[in-house]
Amino acid sequence: MKQIFVAATAGFLLAAASGSASAVTLPDAVCAGAGMQVTVKGGKIVAYSYQGTPYPVRSISASAYKIGTAGALRVKNPKPKSFQGTFAMHGRETPATFKCN
């Protein structure tokens with residue numbers, strides 16, 4: 001079962017990486033949505049936490065980030081005070097609107 005979940009997340013990341021030709025610049029701020037919180041600096045996510053627990057984050061494309069060991073976050077539609085995101089882990093996707101302050 002774990003191989004299926006890892007493959008699903010890898011497919012999510014691959015789709016995000018191949019589908020983003022232009023850079024997504026996010027608003028520099030602390031943004032939160034659906035229990036997730038991210039810190040954005042220089043237009044990129046530099047820190048991620050879920051319900052207060054921090055996880056390592058690594059940019060893999062202009063609009064996708066690797067979260068921890070098995071998660072991924074794809075971002076789109078940046079605005080001055082918000083952006084849309086979809087978190088994927090273990091074959092499940094959670095959409096969220098991140099509000100920034």
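## Report on a predicted chain

Asn77 is partly exposed, with 46% relative accessible area (buried is under 20%, exposed over 50%, partly exposed in between, using a 1.4 Å probe and protein chains only). Asn77 is found in strand E7, residues 71–79. Its phi is positive, about 55°, although Asn77 is not a glycine.

This is a predicted model, where local features need pLDDT of at least 70, side-chain atom pairs count only at pLDDT 80 or more, and totals for chains, interfaces and linings use all residues. Residues are numbered from 1 along each chain as its sequence is written, and side-chain values use heavy atoms, with hydrogens and water left out.

**Positive phi**

Gln51 also has a positive phi without being a glycine. Gln51 sits in the loop between E3 and strand E4 (53–55).

| Residue | Phi | Relative accessibility | Place |

**Overall build**

The chain has one helix and nine strands. Helices (H or I, at least four residues) and strands (E, at least two) are DSSP runs, numbered from the N terminus. The order from the N terminus is α-β-β-β-β-β-β-β-β-β. Of the 101 residues, 39% count as buried. Take the contacts (heavy atoms within 4.5 Å) between residues at least 6 apart in sequence: 39% of them join residues at least 24 apart. The accessible surface of the chain, by the Shrake-Rupley method with a 1.4 Å probe, comes to about 5,900 Å². Carbon and sulfur atoms account for 57% of that surface.

**The disulfide**

A search of the whole structure finds one disulfide, defined as a pair of cysteine sulfur atoms within 2.5 Å. Cys31 is joined to Cys100, with 2.1 Å from S to S. Cys31 lies in strand E1 (residues 29–33) and Cys100 in strand E9 (residues 92–100), so the link ties together parts 69 residues apart in sequence. The link is right-handed, with 105° about the S-S bond. Both Cys31 and Cys100 are buried.

**The largest pocket**

The largest pocket holds about 190 Å³ of space. A pocket is an open set of points on a 1 Å grid over the protein atoms alone, where a 1.4 Å probe fits, with protein on both sides within 12 Å along at least five of seven lines; lining residues have an atom within 4 Å of a point. Of the 13 lining residues, the closest to the centre are Tyr48, Tyr50, Tyr55, Phe87 and Met89. Strand E3 (44–50) and strand E8 (82–89) each give two or more residues to the lining. By class, the lining has nine nonpolar, four polar and no charged residues. Tyr, Phe and Met are among the types counted as nonpolar.

Terms used. Points joined across faces, edges and corners; volume = space filled by probe spheres on them.
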